Amino acid sequence: LAAGAVARWGGEQAVVDLEAAAKRERFWGAGAEIVSALGSVRGYHSVAALRRLLSALKNPKVRRAVVEQLGRRGHAEDARALAPLARSERSLGVRAEATRALGLLDYRRYRGIIEKNLKARTYRDGVAAAAVSALAASRDPNAANKLLAVAKPPYRFGARVAAIRALADYSSITPEAVPALCALLDEPDERISLIACAALGRTGDERALPVLEKAAKSAGNPR
């Protein structure tokens, strides 16, 4: 709460105070909140402070918050500092967030890292799912085709789930998205079919109605 109040003051002094507080804070939860508050302060000075904190802070959970804010507020040049983290950072949370940030900041230059991370084998597929988010956020003309591919085997479960959810957002500009989601209702893994069902509901596309009605009548799972 205090960090948010300081951020609302705005200006260079608020940035100085929040940066200093982030460096002093010993509890990661409070540190992450301070970083988020810093990221909400408009202007160049807050972005510069985030860049300094990326190298100054050691706790991986707080560094993850810094990377998240740089992805949201930074520029293409910040992708250069985040690329090594996306490639091989020891903390999976930081690596995932850096991967997501690359899609926002400079997808074309770092496409290779993002596509490699689509197949990353990590805990709960966090890095692979972040790579899908990076792809979806890239606004690349070929993103939809890649999402259609990642939604299917042999991609890992976490990546597939993220791709299925992203396809719902792309359905208004990608005619193939709804038929692809409909086909996933026949998946033997009910986790995938349920997520595809929810994604179809979000599309609001009438083409999904017959398939959803059929699934409602024949599904053995009451969910």
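Reader: Which residues line the second largest pocket?
Author: The second largest pocket is lined by Trp28, Ser36, Pro60, Lys61, Arg64, Ala65, Glu68, Ser91, Gly93, Val94 and Glu97. On a 1 Å grid over the protein atoms alone, a pocket is an open set of points where a 1.4 Å probe fits, with protein on both sides within 12 Å along at least five of seven lines, and lining residues have an atom within 4 Å of a point. This is a predicted model, in which local features need pLDDT of at least 70 and side-chain atom pairs count only at pLDDT 80 or more, while totals for chains, interfaces and linings use all residues. Residues are numbered from 1 along each chain as its sequence is written, and side-chain values use heavy atoms, with hydrogens and water left out.

Reader: What is the volume of the second largest pocket?
Author: The volume is about 170 Å³, taken as the space filled by probe spheres set on grid points that are joined across faces, edges and corners.

Reader: Back to Trp28, then: what sits over its ring?
Author: The charged end of Lys61 does, 4.4 Å from the ring centre; the criterion is that NZ of Lys or CZ of Arg is within 6 Å of the ring centre and within 35 degrees of the ring normal. Arg191 likewise has its charged end over the ring of Phe157, at 3.9 Å from the centre.

Reader: How many aromatic pairs turn up in the whole structure?
Author: The search finds one. It is formed by Phe27 and Trp28, whose ring centres are 6.0 Å apart with the planes at 50 degrees, so the pair is tilted. For Phe, Tyr and Trp (its six-membered ring), centres must lie within 6.5 Å, and planes under 30 degrees apart count as stacked, over 60 as edge-to-face and the rest as tilted.

Reader: Is Phe27 buried or exposed?
Author: Phe27 counts as exposed at 51% relative accessibility, whereas Trp28 is partly exposed at 38%. Buried means under 20% relative accessible area, exposed over 50% and partly exposed in between, with a 1.4 Å probe and protein chains only.

Reader: Changing topic, how many disulfides does the structure hold?
Author: It holds zero, a disulfide being a pair of cysteine sulfur atoms within 2.5 Å. For Cys182, the nearest cysteine sulfur is that of Cys197, 9.8 Å away. Cys182 is buried at 12% relative accessible area, and Cys197 is partly exposed at 31%.

Reader: And the backbone, where is the cis peptide bond?
Author: It joins Pro153 and Pro154, with omega at about 15 degrees, and Pro154 lies in the loop between helix H10 (143-150) and helix H11 (157-170). Elsewhere, Arg124 has a positive phi of about 55 degrees although it is not a glycine, and phi of Asp125 is near 55 degrees.

Reader: Where is Arg124 found?
Author: Arg124 lies in the loop between H8 and helix H9 (126-137), and Asp125 is found in the loop between H8 and H9 as well. Arg124 counts as exposed at 69% relative accessibility, but Asp125 counts as buried at 7%.

Key: Helices (H or I, at least four residues) and strands (E, at least two) are DSSP runs, numbered from the N terminus.
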